[in-house]
Amino acid sequence: MSMFSTGILVLTSPLHTLPLRIAPVLSSAAQVVERTLYVHLHPGLNLGVGGGQPRPVFIPPVVDLSSLITGLYSNAANVCGHLDVRVLLTNVRAQPNNASSPETGGTGVACNPFPSPQPLSHSPEVVLTDFALQDPGQSPLVAQCLQRYTGYCYVCTPGLASVLLHPQLQKLEEEVEKEGQKDDWDSRSERMETYSEVVVGGTFDRLHGAHKTLLNISCLLANKRFLIGVCDQELLKKKVLKELIEPYALRVQRLHEFLQDVKPSLQYEIVPLSDPFGPSVIDPQLQCIVVSEETRRGGEAVNKKRLENGLPGLVLHEIQLLKDAHHTEMEEEKISSSSLRSRLLGTLLTDPKQNKSHLPLVPYVIGLTGSSGSGKSSIAQQLEAMGAVRIDSDQLGHETYQPGEVAYNRVLEEFGSDLINEDKTINRRALGRKVFGNKERLKALTDIVWPEIALLVKERIQQAREEGKQVCVVDAAVLLEAGWTDIVHEVWVAVIPEEEAVSRITARDGVSQEDAVRRLQSQWPNTQQVEQANVVLCTLWEPEITQKQVRKAWDLLQKRIQQSREGAKPPS
């Protein structure tokens with residue numbers, strides 16, 4: 001079966017049977033769609049022969065629908081985590097009590113949610129459905145009916161394909177029939193209370209199923225305006241692996257794209273949060289705040305502040321946390337951005353092939369860097385044990401100061417012969433005092449020493465090439481500052497929170513906390529280094545966890561090397 005980048009899944013099963021179908025239907029859809037899967041809900045839709053060409057209608061926001069959305073995103077995380085699933089709500093709207101059911105279309109209220117086809121961020125190339133065929137011979141007619149229905153609702157690519165999914169649910173359907181349940185939307189389902197204006201807050205890093213559940217249910221609850229506060233600056237400082245959090249502008253862009261797809265009729269307002277409350281405690285128009293059991297106390301704190309400000313409290317609508325079926329021992333049991341960031345450690349974050357064509361493929365050279373205390377050297381040692389040739393730039397730096405070396409004479413010319421020890425070596429501590437706190441003098445020193453170290457690094461790489469070595473690791477704290485990225489194929493960065501780095505430096509070197517902080521401040525911050533990283537590692541946790549990261553990074557590296565060498569071979 002062909003694979004499509006973007007698809008739209010039209011769910012037609014009765015509302016009470018959909019929870020039984022979600023997992024197998026999503027699993028089947030994942031065999032057809034590989035990137036974005038939109039979900040359009042129309043329980044009771046008849047695509048069969050004799051019903052005429054069906055049209056979309058409004059369906060009411062009911063509690064069962066909220067539960068279905070939660071279950072849908074939860075199942076998606078478990079069975080098709082690679083897909084960007086988005087539940088569309090354009091056709092969900094409260095109706096008067098005399099409006100008829102979504103199956104018939106009714107006359108009590110205008111029942112056309114799509115005056116014109118809705119454009120989506122990614123145009124669907126295929127439409128899928130769980131509609132149960134009574135007669136396999138009807139497949140062509142049902143497929144045609146489905147294509148017309150979908151084209152009436154959404155802007156799709158020309159030549160929209162269709163796939164009728166057939167999950168193995170016969171036994172479940174028989175059990176439902178025995179129970180005598182019918183899809184009577186209005187009598188069985190409890191209507192949701194909706195509000196004119198709704199607010200939520202969060203980091204929204206790497207939008208995942210729990211975020212989407214929060215946003216979708218908020219869109220269900222909101223009739224007019226949806227205010228979203230996005231954590232920025234101060235609120236990110238204590239986040240796990242904060243260096244890997246997407247930039248604020250990118251998070252906002254992805255939020256806006258998702259929300260415009262989900263329910264374009266709402267007015268969206270996305271604002272940065274520099275404190276836990278933001279506009280939620282001063283906006284008099286807000287009526288409801290959506291929380292989870294984990295953030296309920298935050299919602300209560302918001303209401304306390306509102307009362308202090310003379311404003312009415314907000315309705316707290318609590319949603320479920322989604323369990324992460326794939327979490328490890330070091331990760332949270334719930335689906336969370338911090339777990340997703342931890343899974344990025346050791347993986348390729350950016351393509352390393354750009355501007356590297358001048359480098360021979362053998363040996364493949366990794367530039368490993370990180371701030372003081374980051375555990376960079378221990379990672380280098382582990383890579384060496386796995387088969388890499390380790391090139392210690394700090395050790396090479398010591399060599400450049402030896403009598404007779406080019407840097408030796410130039411340093412004495414620049415900084416004075418009073419630096420010479422009795423054994424003719426340079427007193428590096430005295431040299432350090434001459435450049436400490438003076439950027440111009442420090443630059444004069446690095447302009448002398450760094451190019452000489454780079455030459456020695458290249459010599460070691462050439463030596464490894466002559467010995468037939470496959471991988472070199474250049475262990476260099478100044479890799480990025482010195483501009484040595486042009487002599488390595490990939491940049492790997494070790495990161496650690498500053499407070500942990502300070503603790504390590506003071507324990508290892510016997511210096512004060514103030515000196516440790518000054519040392520870190522003289523180096524590139526983690527965020528700046530990560531911006532240039534192809535791979536990021538973190539030694540914050542137990543040594544076994546670091547070892548697993550390094551092993552994962554090494555194994556993935558071997559695959560990349562193999563692929564790059566196969567790609568470089570001339571065609572046979």
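The model is predicted, so local features are reported where pLDDT is at least 70 and side-chain atom pairs where it is 80 or more, while totals for chains, interfaces and linings use all residues. Residue numbers start from 1 along each chain as its sequence is written, and side-chain values rest on heavy atoms, with hydrogens and water left out.

Thr 12 sits in the loop between strand 1 (4-11) and helix 1; helices (H or I, at least four residues) and strands (E, at least two) are DSSP runs, numbered from the N terminus. With a relative accessible area of 6%, Thr 12 is buried. Here buried means under 20% relative accessible area, exposed means over 50%, and partly exposed lies in between, with a 1.4 Å probe and protein chains only. What does Thr 12 touch, leaving aside its neighbours within four places in sequence? Thr 12 is in contact with His 42, Pro 43, Gly 44, Leu 45, Leu 47, Thr 129, Asp 130 and Phe 131, where contact means heavy atoms within 4.5 Å. Pro 284 is 272 residues from Thr 12 along the chain, and the C-alpha atoms of the two are separated by 40 Å.

The loop leads on to helix packing. Helix 1 (residues 18-29) packs with helix 2 (residues 63-79) at an angle of about 30°, and their axes are 9 Å apart. The axes are lines fitted to C-alpha atoms, for helices over the stretch in contact, and the angles run from 0 to 180 degrees between N-to-C directions. Helix 1 and helix 2 are therefore roughly parallel to each other; angles under 35 degrees count as roughly parallel, over 145 as roughly antiparallel, 65 to 115 as roughly perpendicular and the rest as oblique. From helix 1, the contact is made by Leu 18, Pro 19, Ile 22, Ala 23, Leu 26 and Ser 27, and from helix 2 by Leu 68, Gly 71, Leu 72, Asn 75, Ala 76 and Val 79. These residues divide into nine nonpolar, three polar and no charged. In this scheme Ala, Val, Leu, Ile, Met, Phe, Trp, Tyr, Cys and Pro are nonpolar, Asp, Glu, Lys and Arg are charged, and the others, Gly among them, are polar.

Further along, the loop between strand 6 (195-202) and helix 6 holds Phe 204. Phe 204 has a phi near 55°, a positive value in a residue other than glycine, and at 2% relative accessibility it counts as buried. Arg 206 is in the loop between strand 6 and helix 6 as well, with a positive phi near 55°. Arg 206 counts as partly exposed, at 24% relative accessibility.

Helix 6 (residues 209-221) packs with helix 7 (residues 248-262) at about 45°, with the axes 11 Å apart. Helix 6 and helix 7 are therefore oblique to each other, and their crossing is right-handed. Lys 212, Leu 215, Asn 216 and Cys 219 of helix 6 make the contact with Leu 255, Phe 258, Leu 259 and Val 262 of helix 7. By class, this contact has six nonpolar, one polar and one charged residues.

Helix 6 is also part of what covers the buried residues of helix 9. Those buried residues of helix 9 (residues 337-344) are Ser 337, Ser 338, Ser 339, Arg 341 and Ser 342. After helix 9 comes Gly 346, with a positive phi near 90°. In the loop between helix 9 and strand 11 (364-370) lies Pro 363, and the peptide bond from Val 362 to Pro 363 is cis, with omega near -5°.

Another helix pair is helix 13 (residues 428-435) and helix 14 (residues 439-466), packed at an angle of about 135° with axes 8 Å apart. Helix 13 and helix 14 are therefore oblique to each other. Leu 431, Lys 434 and Val 435 of helix 13 meet Arg 441, Leu 442 and Leu 445 of helix 14.

Finally, the cysteines. How many disulfides does a search of the whole structure find? The search finds zero, with a disulfide taken as a pair of cysteine sulfur atoms within 2.5 Å. For Cys 153, the nearest cysteine sulfur is that of Cys 156, 8.7 Å away.

Notes:
Left-handed = near helix turned anticlockwise from the far one by under 90°.
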